[in-house]
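Here's a quick tour for anyone meeting this structure for the first time. Have a look at it first, then read on.

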Amino acid sequence: MHDMSVPAAHHHAPPTSFIRKHVFSLDHKVIGKQYYGLALLAAYVGMGLSWLMRFHLAWNSTAIPGLQFLSASGAPGGVMTPEYYLQLMTMHGTIMVFFVLTTAPFAAFGNYFLPIQVGAEDMPFPRFNMMSFWVTFTAFLVLMSSFFVGDGPTLGGWTQYAPLNAIGAVGGPGQGTGVVLWATSIALFCVGQLLGALNFISTTLDLRVKGMSLMRLPLSAWSWFITSCIGLTAFAVLMPACILVILDHVAGTSFFVASGLVMNDQVLPHSGGSTLLWQHLFWFFGHPEVYIAIVPSMGIVSHILLANQRKQMLSQRVLIYSMGALAVLSYMVYGHHMFVSGMNPFSSLAFSFPTLVITIPSTIIVLIWTFSLYGAKLRINSASLFSLGFISMFVSGGVSGFFLAQPSIDIMLHATYFVVGHFHLVMGVAAMFGIFAGTYFWFPKMTGRMMNETLGKAHFWLSFVGAYCIFMPFHYLGMAGNVRRYSTFTDDFLQPLIPVHRFITIAALITGAAQLIFLFNVIYSRFKGAPAVDNPWEATSLEWSTATPPPFDNFGGKHPIVYHDPYQYGVKSSVGDYVMQTSPEQVETEFEEK
Amino acid sequence: MAKFFAATIVVIAILSAIPILRHTWTAPEDISTHGALIDEQMSETMAEAGISFLAAQFILAFFVWKFSNRAPDAKLKKFPGGAKGLVIGALLVVGIEVMALGIFGVKAWANVYLDAPSANAMPIQVQAGQFAFYFRYPGPDGKFGGLHPELINEGSQNIFGLDPEHDVDARDDIVAAEMAIPVNKEIHLLMHAKDVGHSFFVRELRVQQDFVPGLDVSLHFTATKIGKYEIVCTQLCGLGHYNMKAYLEVMSQQDFDDWLKKQGQ
């Protein structure tokens with residue numbers, strides 16, 4: 001920790017050139033904004049892909065004007081081919097999981113606010129931090145390039161199951177170059193996240209200012225810290241797995257291809273690989289990835305709700321321990337993705353129980369959030385609405401986990417739209433709501449301008465109702481046995497379900513359009529929004545005690561000293577019903593009962 | 001706006017529950033001996049998940065309704081039970097609930113996966129390949145011929161790679177593009193993939209199992225109702241995945257014997 005009496009000496013000087021200031025910047029705040037911009041771009045690309053997919057599912061012989069210009073062979077005359085549907089679906093999943101859900105709540109907000117919330121001037125390894133963003137950006141470019149190379153992106157889904165991912169072009173369109181680009185992109189992404197995780201962990205542990213004990217860290221900081229611990233181990237497993245896939249393509253190895261497989265009446269020139277090995281490696285990353293996506297939003301939402309409910313949480317400590325429990329359990333449950341994969345059926349039972357147990361910390365977290373609202377003075381604004389919406393979505397997506405945690409029920413629901421509904425609500429929409437809440441809340445600090453509240457609320461209502469209209473029916477479809485990853489529903493039993501798909505598509509088009517309101521709001525407010533004061537929400541943590549936007553070294557050449565827990569709301573102080581972490585003022589709580 | 005938010009959550013929660021309560025979209029009637037346990041497990045889970053879902057949404061709605069936009073001089077209150085009460089409650093209620101689900105669910109799983117098939121179960125082999133299922137019956141000798149991947153030739157209809165010239169057991173093997181089984185007879189399904197991963201899903205049979213290239217997987221089940229059902233692939237296997245299907249015909253023993261004889265000719 002730093003000595004409070006010594007003025008801060010920043011370990012890298014403020015840049016002067018445009019390139020160093022805005023492109024290859026070492027400043028965690030610029031890097032955070034770069035991550036945010038990347039996530040925003042990726043989110044709209046991913047959403048555009050989902051529009052195309054949803055339209056095709058509802059009206060699959062209708063041309064989508066202009067689609068033929070994206071791929072003449074994938075969409076002749078604008079009508080999507082089955083393989084192009086799968087290629088777009090794979091890109092949608094990959095872009096959303098990696099470049100949006102991991103990038104925005106963790107890398108973007110974490111980069112910007114973690115050092116400020118601990119009172120540091122920057123992260124300890126600014127060059128690694130810069131490299132982390134640019135490697136991630138390169139990963140995105142590599143992934144996007146697969147749209148334009150060879151026969152297009154891989155069609156194997158974001159899970160890229162073996163051996164389809166390893167046998168090469170013979171497996172279908174995109175299974176040659178497309179897979180290699182996919183695996184290269186994800187391996188690079190892992191490098192970026194590992195560099196980021198190292199910085200996050202060391203920032204949290206080593207750069208806290210005087211008075212900032214671990215238990216005085218805001219919940220958002222805790223969530224980024226826990227997430228970086230998960231990421232450090234999860235991405236370290238996915239990266240070699242991707243490298244092995246690339247080797248199967250370019251070096252003639254057979255890590256994931258078994259002997260004696262036949263395509264087009266020819267025995268494949270591979271032997272001795274294991275199909276299930278890929279699934280174990282992938283899900284050892286893949287399940288923790290769910291928590292990499294959702295835990296930061298849990299922290300962000302807690303942070304925002306506390307500032308808006310104007311009272312302390314029932315127990316911050318319980319929330320932190322529960323998030324930690326999720327992180328630990330996340331490695332012990334991954335096999336629930338593989339109940340019917342052909343692994344030993346006893347393993348399915350062994351993976352089932354920890355999966356069921358994970359509902360306990362999840363329930364505790366929801367109960368703490370909800371019952372902390374009891375007796376509050378809740379302020380309603382775009383940020384708090386999205387935070388409350390997050391809780392509702394997390395519950396709705398979470399309860400379907402009860403079903404999928406049980407191998408016997410998974411026999412019926414595995415690979416159906418029930419699963420798609422479950423993960424879209426619990427890690428997709430919920431995490432997106434965390435990102436939106438974070439944006440409305442922190443935008444003033446990041447840009448010096450307020451976002452438009454009217455547009456924000458319109459965005460919330462359309463997104464909240466729209467997301468339920470899209471994803472709740474997914475569960476019903478799954479219960480009726482609607483298999484996922486079908487480009488067209490030709491089976492007899494799927495015919496009666498097509499009207500439900502049309503309803504979902506209309507809801508998706510409207511909800512997607514509502515996201516354009518958000519985009520407009522971000523761009524408009526960035527330039528024309530009302531000027532923001534330093535602490536517009538009357539919040540307590542360190543980011544609100546510095547200037548808006550924060551100076552290059554975050555605290556203007558000084559190290560703040562921390563005197564309080566992060567959420568001293570509901571007190572009587574000289575400034576109102578809160579006291580800043582940096583204020584030495586002694587205060588009394590305002591509760592009825594003491 | 002807070003009250004509107006609360007009302008919206010309540011309406012969404014109720015509307016979400018209606019199709020469940022009315023059984024608008026559900027799995028088709030079960031036609032297996034083991035499926036009842038799965039269905040029962042599903043109903044119990046639905047009851048517990050449903051109650052948790054409604055309770056959580058209603059409590060959230062109630063607190064938002066009651067504690068938003070209060071007067072500046074309104075007093076803050078702490079939830080009387082405190083965090084300790086909630087944690088103990090969650091540990092006890094949710095812990096017991098999920099453990100009970102887990103323990104009771106073991107039986108349903110064991111029926112399909114842990115219990116061995118009976119000795120007189122009828123063996124049928126299924127091979128999955130892009131983008132079709134093929135089925136093989138051992139013929140009158142009751143023995144399957146060996147598989148030789150290098151002999152697979154779809155043009156000459158050697159789908160499984162059999163070698164009848166040198167392999168006596170393979171000579172009477174019967175290969176079909178649809179699956180027929182006698183009603184009320186236990187089937188031992190021997191599954192292998194020709195090329196990439198596939199899956200075998202029959203909703204009515206309450207059966208879903210992946211094919212693992214390079215690994216032999218088996219299943220056993222008994223169908224209890226005569227009829228024609230769809231077998232579909234649920235593991236993304238390539239561009240024709242959506243169209244990879246076959247039919248399962250459950251027949252009387254007599255009809256099955258006739259069918260098998262006809263296939264063998």
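**Where the chains meet**

The contact between the two chains takes 91 residues from chain A and 90 residues from chain B, where contact means C-beta atoms, placed from the backbone, within 7 Å. Keep in mind that this is a predicted model: local features need pLDDT of at least 70, side-chain atom pairs count only at pLDDT 80 or more, and totals for chains, interfaces and linings use all residues. As for labels, residues are numbered from 1 along each chain as its sequence is written, while chains are lettered from A and ligands numbered from 1 in the order in which they are written.

**More on the contact**

- Several elements of chain A each supply at least two residues of the side that touches chain B, among them helix H4 (82–118), helix H8 (275–309) and helix H15 (453–479); helices (H or I, at least four residues) and strands (E, at least two) are DSSP runs, numbered from the N terminus.
- By class, that side of chain A has 55 nonpolar, 26 polar and 10 charged residues. Here Ala, Val, Leu, Ile, Met, Phe, Trp, Tyr, Cys and Pro count as nonpolar, Asp, Glu, Lys and Arg as charged, and the others, Gly among them, as polar.

**Chain A overall**

- Chain A has 16 helices and four strands.
- Its C-alpha trace spans about 80 × 50 × 50 Å along the principal axes.
- Buried residues make up 63% of the 594 residues in chain A (buried: 20 or more other C-beta atoms, placed from the backbone, within 10 Å of a residue's own).
- Take the contacts in chain A between residues at least 6 apart in sequence: 78% of them join residues at least 24 apart.

**Helix H9 of chain A**

- Helix H9 (residues 316–329) of chain A has 14 residues and reaches 20 Å from its first C-alpha to its last, close to the 20 Å expected at 1.5 Å a residue (1.5 Å times one less than the number of residues).
- Its buried residues include A:Val318, A:Leu319 and A:Met323.
- The buried residues of H9(A) pack against H7 (219–250), H8 and H11 of chain A, together with helix H3 (82–113) of chain B.

**A sheet in chain B**

- Chain B holds an open sheet of five strands in the order S3-S2-S1-S5-S8, with mixed pairing (two strands pair if DSSP finds at least two bridges between them).
- Strands S3 (174–176) and S8 (217–222) of chain B stand at the edges with a single partner strand each, so one side of each is left without a neighbour in the sheet.
- S1 (residues 122–129) and S5 (residues 186–193) of chain B pair in the parallel sense over seven bridges.
- B:Pro123 has B:His188, in S5(B), as its bridge partner.

Definitions and conventions: A residue is buried if 20 or more other C-beta atoms lie within 10 Å of its own, exposed if 12 or fewer, and partly exposed in between; C-beta atoms are placed from the backbone.
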